[in-house]
Structures are given as structure tokens and as C-alpha cells.
Amino acid sequence: MFEKVLIANRGEIALRIHRACREMGIATVAVHSTADADAMHVRLADESVCIGPPPPSKSYLNMAAILSAATITGADAIHPGVGFLSENADFAAMVEEHGYVFIGPEPAHISLMGDKVRAKEAARELGIPVVPGSDGAVEGEAEARRVAAEVGFPLLIKAAAGGGGRGMKVARNEGELMAAYSMARAEAKAAFGNDQVYMERYLGQPRHIEIQVLCDGQGGVVHLGERDCSLQRRHQKLLEEAPSPALNAAERKRIGDVAIEAMRKLGYRSAGTLEFLYENGEFFFIEMNTRLQVEHPISEAITGIDLVREQIRVAAGATLGITQNDIKINGHAIECRLNAEDPATFAPSPGLVTDYHQAGGLGVRVDSHLYAGYRVPPYYDSLVAKLIVHGNSRNECLMRLRRALEEMVIDGIKTTTPLHQEMIAQPDFIDGNYDIHWLERWMAEKAEG
Ligand code: MV4
């Protein structure tokens, strides 16, 4: 096992990784920007190294500085956390070339899933159901017309280098096709330096359902059930729940078996997430995330598995030591992302946290780097706390969540807590009756009064 792990991240996720290391008897190295010198992840780690000024490009994305920090401190392995360098195949390869272990998948799998055209092609070959659409990239206007005739309208044009919703254009009919096609290409070129696009049937009211997998790269593959991540705004998730209120046991088993079979064939190692759109009882693969995700704690809550510990173990060459039969989905979990933002406008609200108290009690977990007297810097993601609540049933989970949201105290800055309180009181939410457009529709209705 590793003796020392460098955590190439900040905020609550750096704490999350530190905690797993500590429990395993592994020493930790924090890296931080000058804006984060007083951050909790720096305080808790055994050692810390300042890697640059506040802008992420000069610190948390600075590969040379991070590798230097690993060298200076004699770390064995690097955990990239979420965001930043976590899905950068070049970084993963560089870490390995310098003799450190990358706590994540092989660089080749990161790069495969980063190219959405190649990822979809791989998914199809691995037996995963995909959205009907073009066979690979659409190379010109003639091909765009031919694919449209085959797939029908409405259709969606997506950037190969995109993902997470960036660079998508809907064409509702033949008349909109060419403008959407050229706009998608131009935007993809501007945003990613790559104008490759592909086309898919546009699903009108799907849910976003993702399967958490955990693999050792040696034939050991399990899934930890699904998460329903439909409640999002502008591709930013606000609340996630597991299991999805929309799936029945047979559907869960069907898509879980598909995921296991595919990951075994791929030879994938580490934690990963297969993202699907789910509509009318059908699953359609859209992307795979080759990293730990922000919402991983709800899967931990319903399975009792420590995903970060398992990531570290398999990175060190261990096998999983469990099979799918050992995994029991227990009860229901919900995560609320508490962001330092105005709950009505989502304008960032950094600044001094004058008072802080976190919810507690049975079934309540708070992952946060906040403390009273901490100043939330303006340079980074606005996530300041994740409230994760578990109950024996969805109803018990909702009761507990209501209570836990009331207990949270984050004073001095605005947070999205009141929005969560309002959202979970909506009859549609209580009924589990929502799709990927629900939140934006509800917010628009509220704004109209
Ligand atoms: C789609 C879609 C409808 N039809 N693909 C957006 C993020 C990216 N990962 C894929 N996305 C979508 N792909 C087809 N064929 C609708 C979306 C989408 C979406 C997906 C998941 C969660 C939220 C979303 C919000 C808007 C659009």
C-alpha cells in the first residue's frame, strides 16, 4: 500500500480523500494556491506545498508544479479528486512517467471517454444501448442531411470534444438543420479547438440516470446502483438521489448487468460513472465519467462502500475482493449541494463565513471544508458543503433532509440552502415526478409569480 498520497485538489473533495487516506494509515500531502493557505485541506494534511497563485491555470491545473510537489515530499501516488486534472489523460500519463501512481483509470480509458464520438462507438461495441444517431462524426452538410433523414427530427448536434452540455444545438426540423449544424461546428471549434460534431435523436423529457461502477482492472467489476441526477440547472446539478424514484428492480438489474459486462470487456480500472438518458423505460448511454463524482456519497450511503478507499486500493494493485452479490442497496439517500450563491439568481457569494454549524444526527453526513472565520475565495467552484442524508425509505430520507436543512448554519455568505428547502417541498419532487427540465421550468414559473 502507498505510504504517502498527494491530493491534487482543494475544498471538500480534498478533505474527503484525506479522510480515506487517514483511515488507511496513509500520510497526505495537500497542495494549495496562495488563496487557499488557510484552507481546511491544508490544515488537516500531514504536509502541504504551495503550488502557485489563485487562478486555477497557475495552481490546481499546473501539472509541473504538482509533480514537483510530489517529488519534494516523496509521495507515492496522486489522487486528482474531481474537476481540475481528474479527467486529463496527459496528466495521468505524466504522473506515471514520473514514477508515481495515478489514482484513477488508465490514461487510454480517460482519453477514450473524453472523445464523445469514440466513447459512443466504444459503448456500442461493448453492448451498451446508445441514442440512435450518426455513425461517428458527421463530416459535412450532405452527411448531416442524410443522417437527419434517417434519424428524424427533432435532433441534437453535439461536439465530439464537448460533454457536460457544452456545444449542443437542437434542430427541430429540416429548416433549422443547416444553421444548427454550422453553429454547432463553429462553437465547438471556438470552445474546444475541434469542430468535430455528431448527431443524435433529441429526447424531449428524459431523466439523467447514472450507474456507479467500481473495477479493479483484473476482472473484478461491481456496480453500486444508480443515481438520479435530473435536478440540474444549466448543467449544474443541485440535488441527486439514489436509487432513482423512476426505476423498478428489473430495470435496475438490466442496466446494472449491462454496465458490469461492458466494464469487464473494457478492462476498466477504478471508479467510473456511466451516464444515461432514461425515457419511457429505455436507457440511452450518453457519456462516461472516468473520475470520482461530487455525488458519490449517496452511492456510499446506500451500499456502505467507501468509494475513495476502493479507488486507492485498486490503484495500488489490489483486487476488489467482493462481487455483485455482496452489494445490497439499502434504503435511500439524497445529496443537496450547498453553494455559496444567491439562491434566486445563482450569483456567486464568496466572503467571510461568520458562523458555521453543520447538521448532524442519525443518517446525516456533511462533507464541507467550511469553518467559522473561513473566507470563501472568489476563484473557484462555489460548492461549500454537501449535505447527504440517508433513510430506510425515500419518505424517511425526505423527512430527515427537511430537518437537516433546517439545522445547517452558514452565516455571512448567501447559500442555496433556502432553494433546496423550497424545492423539496414541491409536490412533484415529493412524488419523484421530475425530468431534466423540471428545475428550470419551476424556476421560470416562480419568477413569473
Ligand atoms: C441529450 C439530450 C437529449 N437528447 N442527448 C446534456 C449534457 C450532456 N452530457 C448530454 N446532454 C443532453 N443530451 C439527446 N440525444 C439532453 C441533454 C440534456 C441534459 C442531459 C442530462 C442532464 C441535464 C440535461 C439538460 C439539458 C440537456
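## A pocket and what lines it

Let's start with some sorting: Ala, Val, Leu, Ile, Met, Phe, Trp, Tyr, Cys and Pro count as nonpolar, Asp, Glu, Lys and Arg count as charged, and the others, Gly among them, count as polar. Keep in mind, too, that this is a predicted model.

Now look at the second largest pocket, which holds about 200 Å³ of space. Its lining is made by His 223, Ala 249, Arg 252, Lys 253, Asp 257, Ile 260, Gln 324, Asn 325, Ile 327 and Ile 329. Sort those residues and you get four nonpolar, three polar and three charged. Which helix gives the largest share of the lining? That's helix H9 (residues 249-266), with five residues.

## The largest nonpolar core

In soluble globular proteins, nonpolar side chains tend to be buried together. Here, the largest nonpolar core has 40 residues, and Leu 387 and Ile 410 touch the most other members. Several elements give two or more residues to this core: the strands are E11 (236-242), E14 (332-339), E17 (364-368) and E19 (383-391), and the helices are H12 (394-407), H13 (417-423) and H15 (438-448). The largest share, five residues, comes from H12.

Zoom in on Leu 387 for a moment. Leaving aside its neighbours within four places in sequence, Leu 387 is in contact with Ile 334, Glu 335, Cys 336, Leu 338, Ala 359, Val 364, Arg 365, Val 366, Leu 401, Ala 404, Leu 405 and Met 408.

## Helix H1

Is H1 mostly covered or mostly uncovered? It's mostly covered, with ten of its 13 residues buried. The buried ones are Gly 11, Glu 12, Ile 13, Ala 14, Leu 15, Arg 16, Ile 17, His 18, Ala 20 and Cys 21. After the helix comes Gly 25, which has a positive phi, near 75 degrees.

## A closer look at Ala 148

Ala 148 sits in helix H7 (residues 141-151). Why does Ala 148 count as buried? Its relative accessible area is 2%, and buried means under 20%, so Ala 148 qualifies.

What does Ala 148 touch, leaving aside its neighbours within four places in sequence? Its contacts are Phe 153, Leu 155, Leu 177 and Met 199. As for Asp 135, that residue is 13 residues from Ala 148 in sequence and 12 Å from it in space, C-alpha to C-alpha.

Notes
Residues are numbered from 1 along each chain as its sequence is written. This is a predicted model: local features need pLDDT of at least 70, side-chain atom pairs count only at pLDDT 80 or more; totals for chains, interfaces and linings use all residues. Side-chain values use heavy atoms; hydrogens and water are left out. On a 1 Å grid over the protein atoms alone, a cavity is a set of points where a 1.4 Å probe fits but cannot get out, and a pocket is an open set with protein on both sides within 12 Å along at least five of seven lines; lining residues have an atom within 4 Å of a point. Grid points are joined across faces, edges and corners, and a volume is the space filled by probe spheres set on the points. Helices (H or I, at least four residues) and strands (E, at least two) are DSSP runs, numbered from the N terminus. A nonpolar core is a set of buried Ala, Val, Leu, Ile, Met, Phe, Trp, Tyr and Cys residues joined through side-chain atoms within 4.5 Å. Buried means under 20% relative accessible area, exposed over 50%, partly exposed in between (1.4 Å probe, protein chains only). Contact means heavy atoms within 4.5 Å.
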